[in-house]
Amino acid sequence: MCLGHWSVSAIESAKVAAGIAQGLKFGQSPEMRNVVILGATGSIGRSARTVARSMPDRMRIVGMSAHNNAEALAEASIEFPEARTIVSGGEGGQERLVELATMPEADLVLVAIVGTAGLQPALAAIEAGKDLAVASKEILVMAGEIVMDAARQKGVNILPVDSEHSAIFQCLGGRDAGSVRRLVLTCSGGPFRQTPAEQLASVTPDMALRHPTWSMGRKITIDSATLFNKALEMIEARWLFDVGLERIDVVVHPQSIVHSMVEFVDHSILAQLGESDMCLPIQCAVTWPARLPNSMRPLDFASMGRLDFESPRCEDFPALDLARCAGEGGGAMPAVLNAANEVAVEAFLAGRLPFPGIWRVVADVMDACPHVDHPSLEELLAVDADARRLAEGLVG
Ligand code: NAD
Ligand code: MG
């Protein structure tokens, strides 16, 4: 979409992304938020519980889900005994998630489930008028248009939790996409930023699971090593902020201090900086539009010394180019990319696929899948299942 040609719907969806769907402004007084955490036992779920612990007068956890780890969930509920808990693994898991996501007491649903299993509960939460805090980038990659349309229609806010998107959201400060020249996503470069291309074939899961700056779940850690995490985040940003991929750049920034930047049409650039700690973006989403003090370590510029920036190695790490291909084609191709990647990552972790095979499987599945324009949810679910089947065939 060209600058200066913003459609009403584009501006409306930018307002949703900027969190101004309900007419709130930065600085207004915050309220207690009743929060449901889908995926409460994961890395984001744990950080969200830390945030809740640190501000009991602002965040009340009213619901928590875990997929299999009932023990971890039981432990979590010792600290938050008022929260309703469900285990989503097994028969009827999706229905239990939907029930939790739509419980009447909830104001805000934090989707922190790895992969796309959070999509239907997220849509149900929007339908029930809840605000959504989205960590699960996969649901926006698969069905960003549908999620943002639904939020616009219901007048609910979509609050980003992914650190880059939280940074952009904070830099935008309520301005819509018409004032944006370019979004710049920063990328740590992962553990193989400096690994020669010919050595990537011998990368093992153990090596790939050692992230230099962030401690996260296994899937996103592998995605960070292949750069598929940044690929997914480009598409996530496209939907959250209604900015076309041609206006989304990626720069490698090994220190992970600058979390992302917005360049405005006047060439002024705002960046958000902070320690690599997901508690901050979670806190921002929960307390938004207010800013509250916390006990996080402040940045010390003098001891940091320097911040470095470099171009991503797109030829050796083809994920970013695949995202541009998928995203520019629009339609269901991002869902194909995401589904194939999920299968390929599982296969790599299980020792059934070499590291560079992840890119190959995604590219081959994208080649094999037909283009579907403006897919419905049913079409997306079908495309997702087809892509997974194709990917399984390729790794098998
Ligand atoms: P994780 O693997 O640590 O935790 C995943 C959570 O989802 C667990 O609570 C698990 O029980 C639940 N879960 C797993 N499969 C499920 C299924 N099929 N149905 C329902 N629940 C299921 O993952 P994470 O690192 O916390 O990441 C969660 C999401 O947040 C991912 O989409 C990731 O990309 C995103 N994210 C994570 C970070 C981070 O720092 N960890 C940062 C940005 C974005
Ligand atoms: Mg991120």
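1. Which residue follows α14 with a positive phi? In this predicted model, α14 is followed by G351, whose phi is positive and lies near 75 degrees.

2. Helix α14 itself covers residues 333–349, and its 17 residues reach 24 Å from the first C-alpha to the last, which is close to the 24 Å expected at 1.5 Å a residue. The helix is mostly covered, with 16 of its 17 residues buried.

3. The count of aromatic pairs comes to five. In one of them, the ring centres of F192 and F355 lie 5.4 Å apart with their planes at 75 degrees, and because planes over 60 degrees apart count as edge-to-face, this pair is edge-to-face. The pair links distant parts of the chain, 163 residues apart: F192 belongs to the loop between β7 (180–187) and α8 (205–208), whereas F355 belongs to the loop between α14 and α15 (357–368).

4. Both partners can be checked for burial, for which the cut-off is under 20% relative accessible area. F192 has a relative accessible area of 5% and is therefore buried, and F355, at 0% relative accessibility, counts as buried too.

5. F355 also forms an edge-to-face aromatic pair with F348, at 5.5 Å centre to centre and with 65 degrees between the planes. F348 has a relative accessible area of 2%, so this residue is buried as well. Ring pairs link F192, F317, F348, F355 and W359 into a cluster.

6. A contact of another kind involves R238, whose charged end sits over the ring of W239, 4.0 Å from the centre of that ring.

Technical notes
Residues numbered from 1 in each chain as written. Chains lettered and ligands numbered in written order. Predicted model: local features only at pLDDT ≥ 70, side-chain atom pairs only at ≥ 80, totals over all residues. Heavy atoms only, no water. Helix = DSSP H or I, 4+ residues; strand = E, 2+ residues; numbered from the N terminus. Expected span 1.5 Å × (residues − 1). Buried < 20%, exposed > 50% of the residue type's maximum accessible area, 1.4 Å probe, protein only. Phe/Tyr/Trp six-rings, centres within 6.5 Å; stacked < 30°, edge-to-face > 60°. Lys NZ or Arg CZ within 6 Å of the ring centre and 35° of its normal.
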